[in-house]
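I opened this notebook to keep track of what I looked up, entry by entry, for someone who has not seen the structure before.

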Amino acid sequence: NAVLCYHIVKNALSLRERFGVTAQVPELYSSFYGRIAWRFEPFHVCEVNLRRGFETGLSTGNSDVGLHCALHAVKTGVISGTNLRSTLKEIDYYLHLLKTYKNANMKNLFLHSRETVSLLIDNGEA
């Protein structure tokens, strides 16, 4: 049940804030804001927290999960109506970072997202 999951994870997030467990932020945010919270919370809130998960993932050495947060943030941003041109620049930034991390799987996912955003811009949906 999604509602029960939502309440359980919200409680887990409040415990994380209480005890300051920063290393688990990327996993928590990717799972919660990328898969559950978008049903109950505003897209913008999910997008901001997914970006926070990305930043925390990179700063704690958990780049794989951090990049998953970034991918969820891009998806959520497109759905929520974020400016597509700024989203395209953001994707280009992530692609630039992927040169450092040499993650081909994530690169392909970001390239697909970039192509989708570019098509939306070209079709006048921006």
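Is Glu41 buried or exposed? I looked this up first, keeping in mind that the model is a predicted one, and I found that Glu41 is buried, with a relative accessible area of 12%.

**Entry on Glu41 and its partner.** I then looked for what the side chain of Glu41 meets, and I found a salt bridge with Lys10, at 3.1 Å from N to O. I noted that this pair links distant parts of the chain, since Lys10 sits in helix α1 and Glu41 in the loop between α2 and α3, 31 residues apart. Lys10, for its part, counts as partly exposed at 32% relative accessibility.

**Entry on the other salt bridges.** A search of the whole structure gave me 4 salt bridges. One of them is formed by Glu90 and Arg51, whose closest N and O atoms are 2.7 Å apart. Glu90 lies in helix α5 and Arg51 in helix α3, so this pair ties together parts that are 39 residues apart in sequence. I wrote down that Glu90 is buried, with a relative accessible area of 13%, whereas Arg51 is partly exposed, with 23%.

I also looked up Asp92, which forms a salt bridge with Arg114, the closest N and O atoms being 2.5 Å apart. Here Asp92 belongs to helix α5 and Arg114 to helix α6, and the two are 22 residues apart. Asp92 counts as partly exposed at 31% relative accessibility, and Arg114 is partly exposed at 26%. Going back to Arg51 and Glu90, I saw that salt bridges with shared partners join them and Glu47 into one network.

**Entry on the nonpolar core.** The largest nonpolar core has 29 residues, of which Phe32, Tyr33, Phe54 and Phe110 touch the most other members. The elements that give two or more residues to this core are α1, α2, α3, α4, α5 and α6, and α5 gives the most, with 7 residues.

I followed Leu67, which lies in helix α4 and is buried, with a relative accessible area of 0%. Leaving out residues up to four places away in sequence, Leu67 touches Phe54, Leu98, Met106 and Phe110. Counted in the same way, Phe110 touches several residues, including Leu67, Ile91 and Tyr94.

Last, I looked up a nonpolar surface patch of about 280 Å², which is made by Leu15, Phe19 and Val21. Val21 is in the loop between α1 and α2, and it is partly exposed, with a relative accessible area of 31%.

Notes
Residues numbered from 1 in each chain as written. Predicted model: local features only at pLDDT ≥ 70, side-chain atom pairs only at ≥ 80, totals over all residues. Heavy atoms only, no water. Core = buried A, V, L, I, M, F, W, Y, C linked by side-chain atoms within 4.5 Å. Buried < 20%, exposed > 50% of the residue type's maximum accessible area, 1.4 Å probe, protein only. Helix = DSSP H or I, 4+ residues; strand = E, 2+ residues; numbered from the N terminus. Contact = heavy atoms within 4.5 Å. Patch = residues over 30% accessible without salt bridge, like charges linked within 9 Å, V, L, I, M, F, W, Y side chains within 5 Å. Areas by Shrake-Rupley, 256 points an atom, 1.4 Å probe, with all protein chains shown as cover.
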